[in-house]
Amino acid sequence: MAILIHEDKCKGCQKCIKVCPFNAITMQNKLVKTDEGEKTKNIAVIGAACTSCGACVDECPFGAIEKLEEGATGVDISLYHDVWVFAEQRDGALMSVSIELMGEGRKLADQIGCKLCAILCADNADNLVDELFEYGADKVYYANAPELKSYNTDAYTKAIYKAIITYKPEVVLLGATHIGRDLGPCLAVHCGTGLTADCTKLDIDPEDKKLMQTRPAFGGNLMATILCPRHRPQMSTVRPGVMEKPQRVPGRKGELVKLDATFADGDIREKVLEVVKGLTEQVSLTDAKIIVSGGAGLGRPEGFELIKQFADKLGGVVGSSRAAVDAGWIDHSHQVGQTGTTVKPQIYFACGISGAIQHLAGMQNSDYIVAINKNEDAPIFEVADYGIVGDLYKVIPAIMEALDAMAK
Ligand code: FAD
Ligand code: SF4
Ligand code: SF4
């Protein structure tokens, strides 16, 4: 059994709160679709403490509370259609992961037989609308306002939630970036639906066209496929670097839907005073074409100086295993793997890294993997395209020497 509040009927009288023996009801300001259009109302919201005892149902003078039969949710899922991708922009540029999601979204939309749409929040970024069409969007929902120039939880949640309740997407995909990880759960709570975080694979069930969301579980030891059968939209965050970017088709066009993006006093509770870029943000593992990673096999923090020299020579960036981060040899922003960054470079060098499943989860989709390890039985060799058995302190200088000789 479940308890449903009919948001359009709730008048906010608070009578239900007084009778709930489990303190499961709170009042919240929510944007609600009513006969007179959308408006923000202070309404009753049922929390996780609800036991479905039913005590509140008859107490509501407006018939706003309903006890649903087993398995019912009060959501008519047939009203939901289309795949939406949250087009995350920073400083007026689309994030790589959003472009990757356009590729994945296209695949899913084609399998379901629906449109691929992007939802963009920005301030005067019409060029991004064109870019999204060129990356495959059939439709772009565009919330254009000064308040949406850079990310703000309240402003973005309000603008996108309003679009979701109006246009009812079946699937909403977000990048598992810091922003996506903040925005996704806020939207899911407002919509009363689920969210599968950090997906590494998405598919459509051929039987019922539901989204199958796969992510590592139990410390990465198994992959769990999660469904959201009875609520909408089906929402996932997806790790950067996992999905393929689509081909950009210059001049491709689609339909533009301009959203109402006006905010009342009190709608936005946070204010961005200043954006301070940390030094660590300069490590862009996600976009790197060559990554040279060091692990516990370096034996000491100074080992990363050799890794850095090697990476510089190749025009690559430095990555690491978690063991090296835990040892305090390098900052976490360099960590590759399940609890670090997922990468997909053209060449990935694993130097003194054993190849634990949690490390592999973040790098095994690299185009070429080169492993340097003194233990010939190290699991990293199972995923490596080229394996060099030897001491990294001898192998890396020898490769650098050979590169210098070739450059002469
Ligand atoms: P080790 O496993 O100690 O391997 C060191 C390797 O170096 C050995 O294979 C050894 O033969 C080799 N070696 C030693 N000396 C030399 C030398 N001189 N020359 C060449 N080779 C040498 N790990 C990650 O990396 N990323 C993650 O995101 C991550 N997330 C995790 C999440 C969870 C929930 C858990 C439980 C673990 C996670 N881990 C992660 C940790 C992971 O399980 C491993 O412990 C870690 O990857 C091991 O790092 P390593 O390969 O550098 O160290
Ligand atoms: Fe509270 Fe019972 Fe109503 Fe749930 S059904 S909100 S537990 S009174
Ligand atoms: Fe009042 Fe009914 Fe709304 Fe509860 S659900 S606040 S009783 S109108």
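**Reading a ligand shell and a parallel sheet**

Modeller: The shell around ligand 3 comprises nine nonpolar, two polar and two charged residues. Please bear in mind that this is a predicted model.

Biologist: How many residues surround ligand 3, and which are the closest?

Modeller: Ligand 3 is surrounded by 13 residues. Cys-10, Lys-11, Cys-13, Cys-16 and Cys-60 are the closest. The space that ligand 3 takes is the second largest cavity.

Biologist: Let us turn to the sheet. In what order do the five strands lie, and in which sense do they pair, parallel or antiparallel?

Modeller: In general, the strands of a sheet pair through backbone hydrogen bonds, in either a parallel or an antiparallel manner. Here the five strands form an open sheet in the order E18-E17-E19-E20-E21, and the pairing is parallel.

Biologist: Which strands stand at the edges?

Modeller: Strand E18 (317-320) and strand E21 (386-389) do; each has a single partner strand, so one side of each is left without a neighbour in the sheet. From one strand to the next, the twist averages 20°.

Biologist: How many bridges join E17 and E18?

Modeller: Strand E17 (residues 290-294) pairs with E18 in the parallel sense over four bridges. Within this pairing, Val-292 stands opposite Val-318 in E18.

Biologist: Which strands does helix H6 lie across?

Modeller: Helix H6 (residues 303-314) lies across E17, E18 and strand E19 (347-351), and runs at about 170° to E17. Helix H10 (residues 392-407) also packs on the sheet, where H10 touches E19, strand E20 (368-373) and E21. The direction of H10 makes about 130° with that of E20.

How values were computed. Residues are numbered from 1 along each chain as its sequence is written. Chains are lettered from A and ligands numbered from 1 in the order in which they are written. This is a predicted model: local features need pLDDT of at least 70, side-chain atom pairs count only at pLDDT 80 or more; totals for chains, interfaces and linings use all residues. Side-chain values use heavy atoms; hydrogens and water are left out. Two strands pair if DSSP finds at least two bridges between them. Helices (H or I, at least four residues) and strands (E, at least two) are DSSP runs, numbered from the N terminus. Axes are lines fitted to C-alpha atoms, for helices over the stretch in contact, and angles run from 0 to 180 degrees between N-to-C directions. Contact means heavy atoms within 4.5 Å. A residue is near a molecule or strand if one of its heavy atoms lies within 4 Å of it. On a 1 Å grid over the protein atoms alone, a cavity is a set of points where a 1.4 Å probe fits but cannot get out, and a pocket is an open set with protein on both sides within 12 Å along at least five of seven lines; lining residues have an atom within 4 Å of a point. A molecule sits in a cavity or pocket if more than half of its atoms lie within 2 Å of its grid points. Ala, Val, Leu, Ile, Met, Phe, Trp, Tyr, Cys and Pro count as nonpolar, Asp, Glu, Lys and Arg as charged, and the others, Gly among them, as polar.
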